[in-house]
Amino acid sequence: MIKLQENSAETTVAKLPSGRQKSQLLQTIKIILQPIQNLENLRQRYGDIFYSEFASFPPQLIISDPKAIQEIFTADSQLFESGAGNQVIQPLVGANSLILLDGDRHVQQRKLLMPPFHGERMRAYGQIIRDITAQVTSQWVIGKPFVARSSMQDISLQVILRSVFGLEEGERYQQIKQILVAMLNTFNTPLSAILLFFKSLQKDLVPWSPWGKFVRRRELLDKLLYQEIQERREQNKTDGEDILSLLMSARDEAGQPMSDAELRDELMTMLFAGHETTAIALAWALYWIHYLPEVREKLLQELNSIDIANADPMAIAQLPYLNAVCYETLRIYPVAFFTFPRILRTDMRFMGYDLPKGMYLSICIYLTHQRPDIYPEPKRFRPERFLERQFSPYEFIPFGGANRRCLGAAFAMFEMKLVLANILSHYSLELLDKVPLQPVRRGIVFAPPGGVRLAVREKVGKG
Ligand code: HEM
């Protein structure tokens, strides 16, 4: 039995004159289109654990209380599943994606995908990140505006294709790049993102409809990924340290290799989860650094203390203020507003409430990061807060936590720091939209509106 009458949106919904069904739909569309204002209103009205129902989603608790988050992250992970709640991205990543798996298959697949994102492998990625940053930024022309998000996406996509996939420059590499960007652009406005949330809109009626275009691009991308898999098989090139090689040489308990469809889905997962997220975080970081001159000043002072062009990437990754700027960027406007849902596999007593099997626990990263009791003046971008105290893994959660914690968290942080350090030590940039910005939806993530326009004032570094 749910004892959440006080905080229950159910009662509110029932009271609305437009009727329950219509209100749910309205509420859902409002949350999709204007999440910040609506989430803040809901929290103000109902507190940091409240019950809500959205159209085409099961009933859920929206949570921004660190004690409740701790209870979830430290509970036996077998009590929850998440894959079933991530169906909204199935059209992008496929049914075999790690993001959609639960139970033993999820554990096994995670083990397989983890090594390329940790330890010594990371050091090797340092040079690749530097080279790609230099190559992409060399196309910037002094005085000519560019969109930070697109430029950063160019960097992060190439980084993932080369370092994680082991793909070499060439025609296929270029095609994969172009098609993936076009495919993700299908959902690049808040309104078009609605396509992902309502299955009934996903109709391939005509090739030029948004869904029709998406399906055609996906077919093209699949063809390229299957070609790459086929070629590696034929050339017996499955002994590399990249993810594709690892997946191709893996065998299950029955000695069976992964099927082509399974390989394709994991490749899509890494491409999808691994590059747009980092690019958005980088665009936000560039925005804040150039919006607040004192932040830029302080960061440049720190960067000037070492020879960025020749320093060990690990030394750059350890710079405290650079780290604080990246953390504060991910705190104030997290790229993902929610972690994956934790769906109860049995009835459960949680924070004093009796919850039924099937209930969704939705941890709201955005609302948690906006708590004034943890982050005083939460709307202020102030990296110093990360130098003054340490936040617990239940208070600062840009990458979620526990058994579903972002697989690429260390990789993304490393990439953000190296890209920012290299850009700032080589270019003096000017922010062209020097106005307050609020995130807007791009698919299932949140990005700066307009992508942050910048221009190069002058080139300051050598090389
Ligand atoms: C700034 C960049 C990124 C952010 C903010 C981010 C955020 C997240 C979040 C919030 C989750 C859900 C965690 C949970 O429910 O507890 C997640 C999961 C995941 N992320 Fe990231 N991510 C980023 C970059 C990356 C990168 C670079 C990769 C890989 C190359 C990646 C791969 C994944 C995967 C595979 C999962 C699913 C894990 C699972 O289901 O077990 N992410 N990420």
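## Exercises on a predicted model

Just after helix α11, Asn-236 has a positive phi of about 55°. Helices are DSSP runs of H or I with at least four residues, numbered from the N terminus. The model is predicted: local features need pLDDT of at least 70, side-chain atom pairs count only at pLDDT 80 or more, and totals for chains, interfaces and linings use all residues. Residues are numbered from 1 along each chain as its sequence is written, and side-chain values use heavy atoms, with hydrogens and water left out.

**Exercise 1.** Compare the span of α11 with the expected one.

*Solution.*
- Helix α11 covers residues 210–234, 25 residues.
- The expected span is 1.5 Å times one less than the number of residues, here 36 Å.
- From first C-alpha to last, α11 reaches 36 Å, close to that value.

**Exercise 2.** Decide whether Glu-276 is buried or exposed, and list its contacts.

*Solution.*
- Glu-276 lies in helix α13 (residues 260–291).
- Buried means under 20% relative accessible area, exposed over 50%, partly exposed in between (1.4 Å probe, protein chains only).
- Glu-276 has 7% relative accessibility, so Glu-276 counts as buried.
- Contact means heavy atoms within 4.5 Å.
- Leaving aside neighbours within four places in sequence, Glu-276 contacts Arg-149, Gln-153, Leu-184, Arg-442 and Val-445.

**Exercise 3.** Describe the packing of α8 and α19.

*Solution.*
- Helices α8 (residues 148–164) and α19 (residues 409–426) pack at about 125°, axes 12 Å apart.
- That makes α8 oblique to α19 (under 35 degrees is roughly parallel, over 145 roughly antiparallel, 65 to 115 roughly perpendicular, the rest oblique).

Conventions: Axes are lines fitted to C-alpha atoms, for helices over the stretch in contact, and angles run from 0 to 180 degrees between N-to-C directions. Helices (H or I, at least four residues) and strands (E, at least two) are DSSP runs, numbered from the N terminus.
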